[in-house]
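Please read the following points alongside the sequence and the coordinates.

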Amino acid sequence: MTEKFFRELKRLLSLRSLQARIFLIVLAAGFIPSMIVRYGILDNYEEHSVQQRISTVQNQLMIVGNHLISNNYFNTKPEASVRGGVSKEVINAELEMISNLYEGRVMIIDSSLRVVRDTYDISEGKTIISEEVIRCFQGQSMSNYDRDHGYIEMTTPIIDNSVNTGEIVGVMLTSISSDATMATLEVLNRKSVILQNLMIVVIVAMAMVLSVMLTRPFNRVTEAINEVKAGYSDESISVPDYAETAHIVDAFNQLLQRMRTLDNSRQEFVENVSHELKTPMAGIKVLADSLLTQRDAPAELYREFMEDIASEIDRENQIITDLLVLVKMDKKAQEMNIASISINDLAELILKRLRPIARKKDVEVVFESVRPVVAEVDEVKLTLIMTNLVENAIKYNKEHGWVKVELDADHQCFTFKVSDSGLGIPEDALTHIYERFYRVDKSHSREIGGTGLGLAITKSAVLMHRGAITVNSVEGEGSCFTVKIPLSSTGGSSYSS
Ligand code: ADP
């Protein structure tokens with residue numbers, strides 16, 4: 001139980017689990033936008049608030065600036081200071097009020113960079129050489145927000161509009177506190193953190209529910225496959241929730257179907273093998289029994305029955321030999337003993353071996369080779385192919401018939417063709433002749449020693465050479481088997497029959 005839990009946890013952490021991925025994606029899809037919105041809103045508020053504060057203060061300073069000019073503030077002569085109607089003290093009080101209101105400091109600097117008024121009363125009379133002030137005299141006023149130290153600094157020109165060109169006669173260097181903005185920001189931030197935490201809880205819950213819900217159909221696929229695996233069900237499974245699960249299940253059902261077909265054909269093969277092996281045994285048993293029941297059976301009868309028993313044993317032997325060849329071919333499907341050999345020489349040798357059998361049936365065997373052919377093949381397997389085809393052409397021939405063997409090649413493949421003037425194969429049997437133990441006429445085939453395995457072996461050997469076998473046959477007229485095999489074992493061409 002704990003082992004399973006840890007295995008599951010490891011799978012989730014290694015991110016190979018779809019469930020973990022969906023969980024993380026939903027989490028990220030909820031969390032990242034909420035963070036962006038939160039910081040976006042706070043930043044926007046801060047920028048907007050600072051700008052508003054700057055423009056309010058600038059406006060008020062401009063008004064004070066106008067009062068300064070109209071009062072001739074920079075003129076030190078006492079009679080001049082009362083000309084505008086507002087006294088210097090009133091202006092100083094205005095400046096004081098601004099600095100109190102905005103928790104800041106205002107310094108008035110005249111054209112000789114001397115501080116004429118400082119609301120902090122620290123720098124009055126001192127000369128100030130600062131880049132911002134000089135720039136302001138040149139007409140470039142600035143405002144600067146220092147977030148870390150919590151203040152806004154700005155320069156405001158004092159323009160004398162009595163001169164046509166609007167001469168800058170002084171500069172106000174102001175720094176005000178941004179604490180009010182920061183305090184509001186703090187409150188907003190706290191509220192947004194609470195909101196975001198709530199959202200995270202909701203998002204995590206949603207991510208968990210979604211990850212479980214969305215992966216449920218895949219779990220159902222696994223469960224259904226496990227049931228089939230455990231043998232509780234051999235029905236086709238169905239999980240149509242998603243197109244993807246439907247595809248997986250379709251592929252699995254096809255595999256299941258193939259396995260069932262294989263299983264059936266294996267069962268059928270075993271049944272056929274037992275039946276084929278039992279037939280000669282039954283023959284032997286009958287012969288032996290009838291000898292045993294006859295007390296004084298003559299020696300000739302013994303001899304005759306013994307000959308029959310020997311031929312049944314030969315037959316049994318033949319079936320077992322063919323079966324072993326077939327099984328070996330299946331087992332060692334990948335093992336090919338490839339060598340470059342002369343196909344003409346091999347064909348001549350095989351025909352030489354088979355001619356005595358043909359002669360017995362008075363069948364003429366002719367060999368026609370269009371050109372010498374050398375190919376990379378497995379000699380033993382190619383011998384099986386050629387021998388089976390020529391042997392069949394002789395076996396299923398008429399008296400005084402003929403067998404024609406032709407060999408030809410193009411630049412890629414060689415063709416081995418065996419035609420005969422024999423019995424031919426009925427059309428409906430043509431698709432079955434490569435099946436194991438299939439025989440068109442069982443009793444006839446038995447008579448002439450056929451096992452029904454020859455063409456199955458032949459086809460298997462042809463496919464191992466990545467070749468193809470085809471047949472044309474007319475019942476009662478004859479058959480023509482054509483085998484096409486690549487000249488080179490590494491050649492790219494392959495065929496299916
Ligand atoms: P068998 O050992 O019985 O010959 P095969 O697998 O070689 O088995 O052949 C399967 C069946 O195909 C044979 O029983 C026979 O009926 C038919 N057959 C094969 N070759 C020929 C042929 N050249 N002419 C007529 N029938 C053939």
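**Notes on helix packing and selected residues**

1. Helix 2 and helix 5, the latter spanning residues 179–230, pack with their axes 8 Å apart and at an angle of about 165 degrees. The model is a predicted one, and the points below should be read with that in mind. Since angles over 145 degrees count as roughly antiparallel, helix 2 and helix 5 are therefore described as roughly antiparallel to each other. The crossing in which helix 2 passes helix 5 is right-handed, and the contact between helix 2 and helix 5 comprises, by class, 26 nonpolar, 11 polar and 3 charged residues.

2. On the side of helix 6 the contact includes Phe269, Val273, Leu277 and Met281, and on the side of helix 7 it includes Leu301, Tyr302, Phe305 and Ile309. By class, the contact of helix 6 with helix 7 has 17 nonpolar, 1 polar and 5 charged residues; among the charged ones are Glu276 of helix 6 and Asp308, Glu312, Arg315 and Glu316 of helix 7.

3. Where is Ser17 found, and is Ser17 buried or exposed? Ser17 is in the loop between helix 1 (2–13) and helix 2 (18–70), and with a relative accessible area of 1% Ser17 is buried. The side chain of Ser17 reaches the backbone nitrogen of Ala20 at 2.9 Å, and a polar atom of that side chain also lies 3.2 Å from the backbone nitrogen of Gln19.

4. Tyr145 belongs to strand 3, which covers residues 143–146, and is partly exposed, with a relative accessible area of 24%. Leaving aside residues up to four places away in sequence, Tyr145 touches Glu46, Val50, Tyr151, Ile152, Ser178 and Met182. With one of these, Glu46, the contact is polar and runs from side chain to side chain at 2.7 Å. Tyr145 and Ser175 are 30 residues apart in sequence, and their C-alpha atoms are 9.5 Å apart in space.

5. Asp160 lies in strand 4, residues 151–160, and counts as buried because its relative accessibility is 16%, with the cut-off for buried set at under 20%. Not counting residues up to four places away in sequence, Asp160 touches Ile69, Gly166, Glu167 and Val169.

6. Asn72, whose place is in the loop between helix 2 and helix 3 (88–101), has a phi near 55 degrees, a positive value in a residue other than glycine. Phe437, found in the loop between strand 10 (413–420) and helix 10 (442–447), has a phi near 70 degrees, likewise positive in a residue other than glycine. As for accessibility, Asn72 counts as partly exposed at 22%, whereas Phe437 counts as buried at 4%.

Technical notes. Residues are numbered from 1 along each chain as its sequence is written. This is a predicted model: local features need pLDDT of at least 70, side-chain atom pairs count only at pLDDT 80 or more; totals for chains, interfaces and linings use all residues. Side-chain values use heavy atoms; hydrogens and water are left out. Contact means heavy atoms within 4.5 Å. Helices (H or I, at least four residues) and strands (E, at least two) are DSSP runs, numbered from the N terminus. Buried means under 20% relative accessible area, exposed over 50%, partly exposed in between (1.4 Å probe, protein chains only). A polar contact is a pair of N or O atoms within 3.5 Å; within protein, one must be able to donate a hydrogen and the other to accept it, and residues adjacent in sequence count only if both atoms are side-chain atoms. Axes are lines fitted to C-alpha atoms, for helices over the stretch in contact, and angles run from 0 to 180 degrees between N-to-C directions. Angles under 35 degrees count as roughly parallel, over 145 as roughly antiparallel, 65 to 115 as roughly perpendicular and the rest as oblique. A crossing is left-handed if the near helix is turned anticlockwise from the far one by less than a right angle, and right-handed if clockwise.
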